[in-house]
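Colleague: I am new to this one. Could you walk me through the disulfides?
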Amino acid sequence: MKDTLLTRMMWKILALLLYVDFTDQCGVNRYADDPFSLRIYGGHNAKKGMWPWQISLRLNHPQFGPLGHWCGGILIDRQWILTAAHCVINPLFSLPQAIFWKVMVGEHHQKLQEGTEGTYNVSHVFPYNKYRNYDEDIAMMRLSEPVKLSEYVKPICLPQQHEEFEGAECVATGWGKVEYDIKPVNILREVGVEIFDNSVCYKAYYEDFDIPIHRWHVCAGTLEGGRGTCFGDSGGPLQCKRGNKWYLAGITSFGSGCGYPGFPDVYTRVSYYINWIKVNMATHT
């Protein structure tokens, strides 16, 4: 009995030490000294390894079989992913069962095997219990095993509770469409966006479409249009830079289309859900 308890204590101490070392690595990519420029229109291809926490969420539909890339997601820990709840619960289906999902890390070009990718099974899926119709649009996924970290696979830093990012350098990423009527892209793309006060999105979405904007939303994009997220980017990160690290400000949720003028995109504000995220991670170790 004493040996068993001692062994368990030793493993817990080791896990804690590994976790501390791991969290120190968050939010740093292989281009730390290469500043990202916001002066882009419509986005462009990302450098390989620029966003090592971006994951591709793959769906194996029970009726239609493997559908490949379905949504984006974000690596926040060696065994945990954040994505949008509407990626797993939507008008077409409700598939919160872990068996239907796989996570690909280290992905860059969807059609090529580049030697940096890793595919992992999902053991648990946790959509936020108040999620309804794109509101409170956040879900967590626990992987069946920890990912192998590399310069192409790293977690992003989580923000502090209620942390704001207005005025920060922020970027949205994904494999979504670059125009409304064409196919999603194969190479991961990035686009610089501005974070606005939520009143900007409230005026656009509530007054025109009767869609309320709440404190758990982030309003980000441009007012002139032509730059932002599109179909296929759902669940991916809105990342903002503090010092030399990137923090997860939001999760791609919904918008008016693809960079429509006067309608910035709406993201789920991650800092609003930090306690929920930490409780899930602690409970399901």
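Modeller: What follows covers the disulfides of this predicted model.

Colleague: How many disulfides are there?
Modeller: The count comes to four disulfides.

Colleague: Why is the pair Cys71 and Cys87 called a disulfide?
Modeller: Their sulfur atoms are 2.1 Å apart. The cut-off is within 2.5 Å, so the pair counts as a disulfide. The torsion about its S-S bond is -95°, and the link is left-handed. It joins distant parts of the chain, 16 residues apart. Cys71 sits in strand E3. Cys87 sits in the loop between strand E4 and strand E5.

Colleague: What makes Cys71 buried?
Modeller: Its relative accessible area is 4%. Buried means under 20%, so Cys71 qualifies. Cys87 has 1% relative accessibility, so by that cut-off Cys87 is buried too.

Colleague: How do you know that Cys170 and Cys240 form a disulfide?
Modeller: Their sulfur atoms are 2.0 Å apart. That is within 2.5 Å, so the pair meets the rule. With 110° about the S-S bond, this link is right-handed. Cys170 belongs to strand E10 and Cys240 to strand E13, so the bond ties together parts 70 residues apart in sequence. Cys170 and Cys240 are buried.

Colleague: Why is the disulfide of Cys201 and Cys219 called right-handed?
Modeller: The torsion about its S-S bond is about 80°, so it is right-handed. Cys201 is in helix H2 and Cys219 in strand E12, so the pair ties together parts 18 residues apart in sequence. Both cysteines, Cys201 and Cys219, are buried.

Colleague: And what makes that pair, Cys201 and Cys219, a disulfide?
Modeller: Their sulfur atoms lie 2.1 Å apart. The limit is 2.5 Å, so the pair passes.

Definitions and conventions: Residues are numbered from 1 along each chain as its sequence is written. This is a predicted model: local features need pLDDT of at least 70, side-chain atom pairs count only at pLDDT 80 or more; totals for chains, interfaces and linings use all residues. Side-chain values use heavy atoms; hydrogens and water are left out. Helices (H or I, at least four residues) and strands (E, at least two) are DSSP runs, numbered from the N terminus. Buried means under 20% relative accessible area, exposed over 50%, partly exposed in between (1.4 Å probe, protein chains only).
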